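Please examine the sequence and the structure shown below.

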Amino acid sequence: MQSIGRRRVSSALTWGSVAAVMIVPVAVAAFSPYLVSRNMPYIVGGFAGIVGLSLLFLQPLLPAGYLTGLEGVAGRRWHRWLGVAIVVAVALHVGGLYLASPEDTIDALLLVSPTPFSVYGVTAMWGVAVTAILVLLRRRLGLGHSVWRLIHNGLAAIVVVATVIHALQIEGAMEPISKWMLCMAVVAVTGMALLDLRVVRPFRAWREGGPKRSAKRALPKRGVG
């Protein structure tokens, strides 16, 4: 009974921490005085970007199975649905900014904008777009599991790094301290999940399989006659 109670407390603390990291920056930004002078498309686009950044914190936790109740197949299923949500957030972000200021948005997309953060935003956008396209065309392209995993992880790293740099360079509705905390959390969990899934667990499986392979090689071969 005590172990069950401890697991429940640990699960509640984990989920509470995840919720706090994701929700607090969004909630603080909602009360920013910066929003008073902005029109609705800009606000919607801006908050879509903030929500997308927040979702990037949860995304790597799901396939790694770090969250109680979302291990294994359930975690991977929610990882896919969250990927769809991130694509929608990016579309709303770009669409809202375009409606608010078409010329500035087009300049950013064409990489001719004088603002340095736009380059990283466009890089992240294309990273998300390419990932979504490859998910849809993976079977047609004949991408094996190992190849897809390598491509997906590489794109994920690019999206996270570009998004974080993009967010940190913008002086907008997000409060600086909560923004830095969220950005560092996104980088930390992404790096931890990639290291765990692609290095630590395969190495552990290889070590555990080593003695079994050695034992099989050591078995004498039975001849006939």
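W78 lies in helix α4, which spans residues 72–100. In this predicted model, the relative accessible area of W78 is 49%. Together with W81, V84, V88 and L92, W78 forms a nonpolar patch on the surface. The accessible area of these residues together is about 540 Å².

The largest nonpolar core has 30 residues. Those that touch the most other members are V18, L53, F57, L58, L61, L67 and V186. Two or more residues of this core come from each of the elements α1 (2–30), α2 (40–58), α3 (61–64), α4, α7 (145–169) and α8 (176–218). Helix α2 gives the most, with eight residues. The surroundings of V186 may be followed in detail: leaving aside residues up to four places away in sequence, V186 touches L53, L56, F57, V160 and V164.

The last topic is the pairing of charges. How many salt bridges does the structure hold? It holds one, and the partners are D196 and R201. Their closest N and O atoms are 3.0 Å apart, which means that the pair meets the cut-off of 4 Å for a salt bridge. D196 has a relative accessible area of 14% and is therefore buried, the limit being under 20%. R201, with a relative accessibility of 33%, counts as partly exposed.

Note on methods
Residues are numbered from 1 along each chain as its sequence is written. This is a predicted model: local features need pLDDT of at least 70, side-chain atom pairs count only at pLDDT 80 or more; totals for chains, interfaces and linings use all residues. Side-chain values use heavy atoms; hydrogens and water are left out. Patches are made of residues with over 30% relative accessible area and no salt bridge: like charges are joined within 9 Å, nonpolar side chains (Val, Leu, Ile, Met, Phe, Trp, Tyr) within 5 Å. Accessible areas come from the Shrake-Rupley method with a 1.4 Å probe; for residues, only the protein chains shown count as cover. A salt bridge is a side-chain nitrogen of Lys or Arg within 4 Å of a carboxyl oxygen of Asp or Glu. Helices (H or I, at least four residues) and strands (E, at least two) are DSSP runs, numbered from the N terminus. Buried means under 20% relative accessible area, exposed over 50%, partly exposed in between (1.4 Å probe, protein chains only). A nonpolar core is a set of buried Ala, Val, Leu, Ile, Met, Phe, Trp, Tyr and Cys residues joined through side-chain atoms within 4.5 Å. Contact means heavy atoms within 4.5 Å.
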